[in-house]
Amino acid sequence: MGPGLRGDRMLSLIGRLCDHVTSVDVSWSGATGAGVKALSDCCPGLKLNSVVLNGCQVTDDPLIKLIMRHRGSLCRLEVFGCQFLTSSCLQTVFETCPGLQHLNIGQVPKVNTDCLTVMTSQLKSLISLNLTGLRGVTEASVDSLLQSCGKLQSLTLSSCIAVTDLTLQNISKYTPHIRELDVSGCKAVTDAGVESLALRCRRLQQLDLSSTRTGNRGVTLLANYCSRHLQTVKLSFCHISCESILQLCRCCTRLKVLHLYGCARRPTDGDIQKVNSAVKVYPTD
């Protein structure tokens with residue numbers, strides 16, 4: 001946005017003039033509760049199905065009013081990094097809008113275990129969920145989530161310290177159809193958890209294992225069992241041999257993106273191109 005179109009200004013214009021808009025994304029625009037309120041006090045014809053407010057300075061009351069106004073149509077809500085939102089506010093959101101399919105509450109510091117329990121009990125239709133860095137995430141809360149939300153296809157648990165190999169075992173048990181998984185920064189994840197994914201989650205397309213304890217065995221298992229669908233694999237800061245990386249690239253014929261930041265032992269881009277010319281490696285040589 002230009003200097004004259006900060007988030008609040010944009011939301012005000014949408015609320016007053018754009019009654020056919022169905023999706024709003026003002027992430028990191030400086031939008032505040034005043035702008036969000038404009039989407040509640042809006043023209044009667046406006047029915048939003050997607051609201052993305054990542055990094056905005058929204059508070060409880062404007063968000064609740066927004067949800068009340070659009071609860072009949074809303075299926076996506078993203079409030080990543082909205083530090084002023086409270087757990088009780090989000091519980092009200094979940095109870096008011098049980099039809100949400102896409103939810104991002106990552107890095108919202110006040111989210112606690114009780115809030116996640118309400119989320120699990122109310123949002124049975126979730127398809128994608130981002131819980132990055134939430135201290136309220138526990139082994140038990142993830143287990144309950146997986147059993148209740150069987151439609152999950154995308155799950156982000158990045159930097160959740162309670163995530164372990166058991167979490168990955170439960171993911172493979174309850175959501176074997178999952179397409180995208182991010183457990184980057186989860187230090188307790190090892191090859192044992194990756195084995196569970198490889199053996200049962202054969203439709204994985206995107207997998208982020210960066211900064212975990214994944215090693216050669218886990219990567220080899222992915223190459224052997226998930227080769228048909230994997231398109232993006234992130235292994236940054238993992239201890240993996242050149243041979244295992246080349247095997248992954250060779251077996252996964254649909255692989256397009258490979259992250260190897262911080263990997264001390266890695267093949268050259270030329271070696272990777274020889275076994276799979278479609279793979280884009282980051283960082284480049």
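User: How many aromatic pairs does the structure hold?

Analyst: Rings of Phe, Tyr and Trp (its six-membered ring) pair if their centres lie within 6.5 Å; planes under 30 degrees apart count as stacked, over 60 as edge-to-face and the rest as tilted. The structure holds zero such pairs. This is a predicted model, where local features need pLDDT of at least 70, side-chain atom pairs count only at pLDDT 80 or more, and totals for chains, interfaces and linings use all residues. Residues are numbered from 1 along each chain as its sequence is written, and side-chain values use heavy atoms, with hydrogens and water left out.

User: Which charged end sits over the ring of Tyr-282?

Analyst: A charge sits over a ring if NZ of Lys or CZ of Arg is within 6 Å of the ring centre and within 35 degrees of the ring normal. Over Tyr-282 it is the charged end of Lys-280, 6.0 Å from the ring centre.

User: Is Thr-96 buried or exposed?

Analyst: Buried means under 20% relative accessible area, exposed over 50%, partly exposed in between (1.4 Å probe, protein chains only). Thr-96 has 16%, so Thr-96 is buried.

User: What is Thr-96 in contact with, leaving aside neighbours within four places in sequence?

Analyst: Contact means heavy atoms within 4.5 Å. On that basis Thr-96 touches Ile-67, Met-68 and Arg-71.

User: Why does Ser-241 count as buried?

Analyst: Ser-241 counts as buried because its relative accessibility is 11%. Beyond its neighbours within four places in sequence, Ser-241 is in contact with Asn-216 and Arg-265.
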